[in-house]
Structures are given as C-alpha cells and as structure tokens.
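Please read them with the coordinates open.

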Amino acid sequence: MTAETLLSLRGLTVRFRLPHGETVAVDGIDLDLAAGEVLGIVGESGSGKSQVLYSLMGLLAANGRAGGQALFEGVDLLSLSRRQLDTLRGQHISMIFQDPMTSLNPYRRVGDQIAEGLIVHEGLSRSAAQAEAVRMLDRVRIPDASNRARRFPHEFSGGMRQRVMIAMALLTRPKLLLADEPTTALDVTIQAQVLDLMAELARETGTAIILVTHDLGVVARLCGRVAVLYGGRVMEEAGAQALFSTPAHPYTRGLLDAMPRLEQALTPRLGTIPGTPRSGGGDVIGCPFAPRCTERIARCTTERPAFLERSHLGGTRSAACHLIPEVAE
Amino acid sequence: MLRFVGKRLWNGSLTLFALVTLTFFVMRLAPGGPFSRNRKISPEVQANIEAAFHLDEPIWQQFGRFVWGLLHLDLGPSTRFRDYSVGDIIASGLPYSLTIGAWAVLLAAFVGIALGIAGAMRRNGFTDYAAGTVGVIGIAIPIFVIGPVLQVIFAVKLQWLPVGSWNDGWRSLVLPVVVLALPNIAYISRLTRASMIETMRENYVRTAVAKGIGPTRTLMGHTLEGALIPVIAYLGPATAAIITGSILIETIFALPGIGRHFVDAALNRDYPLVMGITLLYGALLILFNIVTDLIRAWIDPRLRNAH
Amino acid sequence: MPTDADALIDAAPIRHASTLELQFRRFRNHRLAMVSVWVLALIVLACFLGPFLFPFTGQDADFDNINAQVDLFSAHPFGTDDFGRDLLVRVLEGGQVSLTIGFLGAIVAGVIGVFYGAVSGFLGGRVDGLMMRLVEILFGFPYVILVILLSLLFGGGNIALFAAIVFTLWLTPAVVVRAQAQGLARKEFVEAARAGGMTGRQIVFEHIVPNSLSVVIVYGSLLVPEVILSESFLSFLGIGIKEPQASWGNLIQTGTSAMATDLRLLLLPGTLLAIVLFCLNFIADGLAEAFDPNDR
C-alpha cells in the first residue's frame with residue numbers, strides 16, 4: 001500500500017442468505033485505487049460488479065453480508081457502524097446509480113435534494129446550500145439552472161436526471177466516486193456526453209472513480225486501469241492500454257473477441273464465449289470460468305488459481321489463471 | 001386547482017343526486033309506510049295524516065315535491081317526530097357524531113401510522129409483533145363484540161368510566177372513541193407498514209441513504225412522503241366511514257347522535273329523516289374524497305400537473 | 001390444422017395450472033393459515049352437525065330450565081336463555097346462518113365482480129368507461145346506508161339480507177379484476193388468441209378469467225369475513241336476521257342487553273364469531289403471501 005493509495009480492497013466477499021442456502025456474489029477481491037485514478041470494473045451481468053460498490057457504501061440488501069477488508073484512507077469501511085459510515089458516504093465517497101428515472105425522490109424539488117448533502121455534511125444554511133446546488137447544476141450544464149432547481153424530477157429527461165445525480169454526487173468534492181453503470185439506462189446518443197461530463201468534473205475536483213460497466217468501449221475511453229470480473233472474482237487487472245492490446249486471461253480474450261471493432265471487417269464473425277455466465281451459487285473449488293473456458297486443463301476445476309502480479313507480461317498487471325506462467329520463461 | 005375542485009364538486013353533486021333519487025324510490029317501494037304500523041288510529045285519520053304529508057299523491061309528484069324542497073334546503077318535518085323538522089333533528093345529533101368521529105379518526109391515524117412505521121423500521125422485532133397483534137385483534141373482533149366487553153370491564157366491573165350516554169364529560173368519550181378507532185388503527189397500521197416496506201425498497205431511498213444524511217432525515221425527508229400517500233388515500237373515505245360507522249357505537253353506548261336516528265328512521269319509514277341523513281352521509285363521503293385528493297396532489301407533484 | 005397460435009393458446013392454461021399448484025404448496029407451508037383452516041373446518045362441522053346431537057332444537061323452550069347457568073355435564077352445557085332455549089344449540093344454529101351467508105355471499109359477490117370486471121377491462125373504451133362510472137357511483141354511496149336501504153327494499157328476511165350484502169360487496173373484486181384484465185388484454189398470448197380467431201367471449205372465459213384467478217382468490221378470501229361481519233352487524237342492529245331465528249349478530253345483541261348480569265349470553269356467540277373472523281383473516285393473509293412472493 002503506497003502513500004497515495006485511496007482505497008484498498010483485501011479479500012472482499014459479499015454473500016447473500018437465501019431461503020435455500022447461501023450465494024456468493026463477490027468471492028475474495030483484491031484491488032487498489034490511487035487518489036484521482038479512474039478504475040473500470042467490467043464483467044457480464046451477475047459477475048458481482050455492482051455488489052462490490054454496494055458493499056462499500058453499506059447499501060447491501062438486508063440478507064447480504066460483506067467480508068474481508070475495504071480500507072478507505074486506512075479506515076476499514078466494512079467495520080464502521082452506520083453512524084460512522086454516514087460521516088463518509090455522501091461527503092468523501094459518493095455514488096451514482098444505474099437508473100436515473102427512479103433514483104431521485106419524485107416528491108421533492110431537485111434543488112433541495114442536491115442541497116441536502118451540503119446542509120448535513122458541511123453545516124451550510126438552506127439558502128447557501130441552495131445557491132451551491134444551483135451553481136453545481138450550472139456546471140453539469142442544466143440550462144436555466146436557478147429555475148430548474150425549483151422543479152421536480154418528473155419534469156427532467158433521463159439524461160438530465162443523471163446529470164442531476166452527478167451534480168449531487170460531486171457537490172461535496174468527494175475523494176471517491178462510485179458509478180454503477182451510470183449510462184446503461186440512457187439513450188445511446190447521450191451516453192458519451194454524460195460520461196465525459198462526469199469524468200471532466202471528477203478531474204477538476206481530483207476525485208477518483210470506480211466505474212462499473214459492461215461496456216468495454218466506455219472503459220477504453222475513460223479508465224486508466226481495468227479489472228475484469230467473473231463469478232465474483234477478478235480474472236485480470238491491468239492498465240487499460242495493456243489489457244486491450246495484450247489480454248492475458250482467456251476470459252478477457254473472449255470478452256474482447258466479442259466486441260466489434262472498426263478496423264476489422266466483420267469476417268471472421270464476432271466471437272462468442274460458449275456456455276452461460278455463472279451467477280450466484282455456492283463456493284467454487286477451482287476457477288469459476290473453467291466450465292466455459294476453451295483452454296481448460298485438469299487443474300482448473302480442482303485448484304483455485306491465485307491472483308498474482310505478472311509484470312513480465314508488460315505494465316503492472318495481475319491475473320488469476322493457471323495457464324499464465326508466474327515468471328518469465 | 002380551482003377547476004379541479006369545481007369539477008369534483010359537480011361530479012359529487014351528480015353522485016349525491018343519484019344517491020338521494022335511489023334512496024327515495026327504494027324507501028317508497030319498500031313494503032310498509034310511516035303510519036301503517038300504528039293500529040290505534042282509524043283508517044280515516046290515517047288517510048288524513050298521509051294527506052298532510054302528501055303521501056297520497058302519485059310517487060312522481062312526491063319526488064318532484066322532494067326535489068323542489070331539496071333545492072330550497074327544506075326537507076320538511078319528520079313523520080315520526082312530527083314537531084321537529086329534519087334539519088332540527090340532524091342539527092341536534094350531528095355534534096355528538098362529529099365529536100366522536102373526529103377523535104376516533106385522529107386517534108386511529110396517529111396510533112396506526114406510528115405503529116406501522118415502528119413495525120416497518122424494526123421488522124420482526126417486538127414492536128412489529130405487538131403492532132401485528134393489535135392489527136389482527138382490531139380487524140377480527142367486531143366492534144359490537146369488543147364494545148360490550150370493554151363496557152363490562154371498565155364500566156361495570158372497574159367502574160372507571162360510564163357505561164354509556166353523554167353525561168360525564170370526557171369520560172363519556174373514552175370508550176366510544178377507542179372502540180371506534182380500534183379497527184381503523186388495525187387497518188392503518190397494516191397499510192402503513194406495507195407501504196413503508198415498499199417505499200424503503202425504492203431507489204430514491206437508496207440514494208438518500210447513500211448521501212449519508214442519517215436515518216432520521218432519510219425517514220422524515222424521503223421515505224415517509226411516499227409511504228403515506230396510500231395511507232392518506234385510505235384516510236379520506238375512512239373518515240366518512242368512521243362518522244357513518246358511529247351508527248353501531250351510538251347504539252352500543254346509547255349516544256344521541258344521528259347514526260341511531262338513521263336506523264330508527266329507516267325501520268319506521270320516516271322518509272324525510274332517512275333522506276336527510278342519507279344526503280348528509282353522502283355529502284360527507286364526497287367531501288372527504290375531494291379533500292383527500294387535494295392533500296395527495298399537495299404531496300405528489302406528478303398529480304399536481306395531471307390536473 | 002394446428003398453428004403456432006393454437007400452440008400458444010394451449011400453452012397458457014397449462015402454465016397457469018402449475019403456478020397455481022405452486023402457490024397452494026406455498027400456502028400449505030404457512031403454519032398459521034393451515035391451523036386456521038383446520039379450526040375453521042372444525043367450527044363449520046360443529047355448527048352443521050352439532051345440533052343433531054341434542055334432542056331439542058334451538059327454538060324449543062325448556063320451561064324447567066330458564067336462565068340455566070353453565071354446567072358442562074347437564075342437558076344444557078352452556079345453559080339456557082330467558083326463554084329456556086339451549087344457548088349452545090342456538091349459537092351453533094346461528095353459526096349455520098352466518099357461515100352460509102358468509103361463504104355463499106362471498107362466492108356470489110365474487111363471481112359477479114369477476115365477470116363484470118373481466119368484461120369491462122377486456123372490452124375497454126366507451127363500454128368500460130360506462131361500466132366503471134356505475135361502479136364509481138355505487139362506491140360513492142355510504143356502505144351502511146346502501147345495505148340498510150336494500151335490505152328494507154327486499155322486504156326484510158334472510159334473502160333480502162343476502163341480496164343487500166352481495167349487492168354492496170361485488171364492487172371491489174370488479175375493480176381489481178378489471179385492472180388485471182386490462183393488463184392481460186395486452187399480453188402476447190391473448191393477442192395470439194385473438195389472431196387465432198377466438199371470439200371476445202371465448203377469450204374472456206378461457207384466458208382473462210382463469211388468469212385473474214390468483215388475484216380473485218386473494219381478494220375473495222377477504223370477502224368472506226366481510227360478508228359475515230355485515231350480516232352480524234345488520235342483525236345486531238335489528239335489521240338482518242330476526243328472532244326467533246338465531247344468527248351470531250342477533251345473539252350478540254341479546255347478549256349485550258343482559259351483559260351487566262350474565263356475560264355468557266354475550267361471550268359465547270361473540271367468541272365464536274371472533275374466532276371465525278380470526279381464522280378467515282389468517283387464511284386470507286396466508287393466501288396473499290402465497291400468491292404474492294414480493295410481499296414477504
């Protein structure tokens with residue numbers, strides 16, 4: 001852990017109690033995030049990527065439990081009481097959710113909702129917080145901000161609501177922004193616009209971002225580093241450049257093959273990963289991707305591959321696969 | 001907003017007119033009449049009395065006379081208490097019914113909502129089970145069973161409170177109000193609990209939690225508004241029903257409200273009095289429904305624009 | 001010749017039957033509801049068969065034993081009233097009336113409501129508007145007034161009471177089923193049925209009604225206690241079932257007038273009525289939970 005490390009996950013797990021046994025959503029994740037860095041977490045639906053964020057914010061469903069460590073500036077978020085957590089979340093850690101249509105309170109004015117965090121966390125008066133909220137709405141390019149702040153969410157479009165969410169999240173200049181598929185629910189034409197705005201504002205405030213998405217294009221645009229999740233584990237983690245140019249893990253390669261590229265004609269056809277994505281279920285002995293992996297060897301189903309640094313493959317890079325040699329050959 | 005209220009009032013008066021029309025013909029078509037039970041009077045005298053009340057006219061003419069009177073806010077004298085007009089009788093009984101009804105609504109709303117919130121916040125905790133038990137009792141035991149039982153316990157055995165009637169100040173109010181409120185406490189607490197639990201699953205409540213504003217602010221500023229909308233929707237008609245529901249309470253506790261008058265009037269075919277009380281109840285129901293809609297629109301901006 | 005549409009039409013009811021089965025299995029796991037079913041069954045049996053165990057009916061006066069007190073080993077285990085009529089037998093006979101009216105009333109009100117709602121929701125448009133306007137007007141009537149007036153109109157007596165209660169209680173199921181039918185009318189398998197040439201009436205009977213069943217069962221189960229409560233409420237006020245015929249409502253009414261001296265006349269019918277209403281509410285809860293897994 002270096003001096004500038006902001007967040008450090010060590011063996012993070014998320015388990016859910018169900019009527020018939022337990023399901024493991026996140027299965028021992030190690031990740032580090034430096035201040036101001038943008039980290040992408042990619043994976044298919046059910047890979048546990050959103051649950052990582054929820055566990056950090058204390059937002060897991062009632063039957064969910066987080067284990068391991070999540071050190072934010074040296075403080076373990078998972079061991080904090082609700083009250084202690086409330087001094088961090090909304091102020092130093094903010095979150096943007098997937099569905100802007102339902103994430104704003106329909107009964108309260110947009111300006112009030114944005115200002116609320118300032119009133120609670122920084123002790124601002126109502127009018128001062130309101131003025132800040134209007135300024136922030138202006139910065140996320142809501143036209144006629146002072147007027148708009150007095151409106152209700154149903155009078156905003158989806159893209160505008162997500163920009164309101166961004167304003168709300170960045171208002172307190174947090175050190176960490178957790179974004180859970182922030183543009184999935186939006187119109188394709190405005191997705192890039194909203195993402196660029198988010199990244200730009202975060203850069204200005206020096207906010208680090210964890211961006212959870214299943215869109216590799218988004219990751220390539222915004223993220224310095226990428227972690228690829230499958231079955232609740234990190235398969236591979238590397239600088240974005242290195243990951244896209246020289247994917248090491250068979251699953252990463254599968255993901256990239258399934259992505260269309262401009263420079264390639266669509267012959268040969270886009271690749272697909274055989275089988276269906278793993279989601280939930282109990283503990284796995286070997287590699288969770290083994291059942292679908294075309295390069296599987298016997299060890300894959302019997303022994304869990306360790307998540308190790310493999311710097312000999314270029315850049316800082318870690319991966320969990322028996323097929324990748326641990327040192328240069 | 002004014003147009004909305006005006007439209008509702010107009011629709012309401014149409015419903016009210018349908019109600020009194022139906023009541024009028026049902027009463028006349030029902031076997032028996034106001035004076036048919038009285039065997040002591042001779043047929044000539046009975047004919048004279050009926051003529052005095054215009055009961056000898058064809059039914060359409062009677063209806064016309066009734067509507068004409070209605071437009072002048074004059075419902076005529078009661079056929080049973082011949083010295084009193086319908087207006088007098090209602091004016092003397094209404095204060096009792098309204099007092100009991102209003103206190104019962106307040107008690108039911110306050111206790112019911114508090115129990116519902118407490119149950120939802122600490123699901124499966126002690127409060128939740130206690131509230132659930134009160135709810136089941138309130139819903140399952142009818143007030144004409146629980147009323148007399150409480151009378152026996154608190155009035156006959158313990159002698160803390162009067163059995164009935166209205167001679168003992170606030171002490172006369174306690175039992176009727178509690179008994180009338182009980183089933184509504186049950187409904188309101190169940191409704192509040194279910195609605196709270198649903199609202200707590202809403203994404204915008206999750207946003208509020210993520211803002212780190214603390215549990216109290218999250219509840220008061222975010223969860224409660226949404227959760228109370230169905231409760232308010234229930235409270236409007238329930239208030240009207242509580243006031244009309246005092247028929248039973250007034251019977252059990254021998255109170256001089258209008259509810260008991262209505263039952264007696266219906267049984268004795270006191271046409272004018274039945275019409276008057278029907279009109280009153282119908283108007284109350286419509287009024288409370290409009291008030292409910294206004295409160296809902298005040299809370300929910302989406303409804304405000306729709307009107 | 002079988003087409004794809006036919007296959008879809010055949011598939012829908014089969015899929016439905018299996019979910020219904022699943023829901024009843026869930027219901028059987030609801031312990032309180034299952035206990036309630038058994039208790040209720042026991043009370044129903046006692047009410048309908050119990051009186052045969054006694055050599056007299058509830059209307060036979062035993063002038064040697066007027067106002068007899070509780071003596072479980074005498075001819076009158078729970079004593080007699082002030083006409084010398086056996087209280088237990090009267091309460092059981094009253095139960096026959098109350099339970100019959102309760103279940104029959106709920107079924108009739110439910111059936112009327114379901115078809116009214118299904119037709120209204122399926123047809124939509126102007127017919128739907130008109131049909132719902134009528135429901136709205138009836139909803140605008142204070143319930144107490146409507147039920148009292150109707151029972152007067154039908155001339156008093158059991159049938160009048162029954163008709164009045166049914167007439168006031170079919171509205172809620174109608175509204176609920178209409179909402180359900182509106183949703184279903186847009187579903188793919190109904191579209192397929194329409195494309196496959198089924199008539200509107202066939203669609204209502206074979207798709208809309210069966211697929212609204214779970215909602216109907218949940219709301220229908222709430223109707224039963226409501227009907228029983230209405231019956232005893234009216235009888236308590238002296239409008240419903242009248243002496244000498246017994247019903248729980250008028251027995252309780254008799255009990256309240258003597259409660260200062262003799263509680264047993266109030267408590268026996270009151271307790272039985274309360275137990276039945278408890279059971280019916282628990283069963284309704286159990287059904288609601290079994291049929292709506294979101295509402296845990």
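Which domains does the domain assignment give for chain A?

1. Chain A is assigned domain 1 (5-92 + 173-271) and domain 2 (106-171), with bounds that come from an automatic or database domain assignment. This is a predicted model, in which local features need pLDDT of at least 70 and side-chain atom pairs count only at pLDDT 80 or more, while totals for chains, interfaces and linings use all residues. Residues are numbered from 1 along each chain as its sequence is written, and chains are lettered from A and ligands numbered from 1 in the order in which they are written.

2. The centres of domain 1 and domain 2 of chain A, taken over C-alpha atoms, are 26 Å apart. Their contact involves 17 residues from domain 1 of chain A and 12 residues from domain 2 of chain A; two residues are in contact if their C-beta atoms, placed from the backbone, lie within 7 Å. On the domain 1 side, helix H8 (residues 188-205) of chain A gives the most, 7 residues. Helices (H or I, at least four residues) and strands (E, at least two) are DSSP runs, numbered from the N terminus. By class, that side of domain 1 of chain A has 11 nonpolar, 4 polar and 2 charged residues. Here Ala, Val, Leu, Ile, Met, Phe, Trp, Tyr, Cys and Pro count as nonpolar, Asp, Glu, Lys and Arg as charged, and the others, Gly among them, as polar.

3. Strand E6 (residues 93-96) of chain A is covered on both faces: A:Ile93 and A:Met95 on one side, and A:Ser94 and A:Ile96 on the other, are all buried. A residue is buried if 20 or more other C-beta atoms lie within 10 Å of its own, exposed if 12 or fewer, and partly exposed in between, with C-beta atoms placed from the backbone. E6(A) pairs with strand E7 (residues 176-180) of chain A in the parallel sense over 4 bridges, where pairing requires that DSSP finds at least two bridges between the strands. In this pair, A:Ser94 stands opposite A:Leu177 of E7(A).

4. Two residues of chain A deserve a check of their backbone angles. A:Glu73, not a glycine, has a positive phi of about 50°. A:Glu73 lies in the loop between strand E4 (64-72) and strand E5 (75-76) of chain A, and is partly exposed, with 14 other C-beta atoms within 10 Å. A:Arg141, also a residue other than glycine, has a positive phi near 60°. The loop between helix H5 (126-139) and helix H6 (145-148) of chain A holds A:Arg141, which is exposed, with 12 other C-beta atoms within 10 Å.

5. Between chains B and A, 20 residues of chain B are in contact with 23 residues of chain A. On the chain B side, the largest share, 7 residues, comes from H8(B). The residues of that side divide into 7 nonpolar, 6 polar and 7 charged.

6. The contact between chains B and C takes 33 residues from chain B and 29 residues from chain C. H9(B) gives the most to the chain B side, with 8 residues. That side has 26 nonpolar, 7 polar and no charged residues.

7. On confidence, chain B has a mean pLDDT of 80, and 94% of its residues reach 70 or more; pLDDT is the predictor's confidence in each residue, from 0 to 100. Among the elements of chain B, H8(B) has the highest mean pLDDT (89) and H12(B) the lowest (68).
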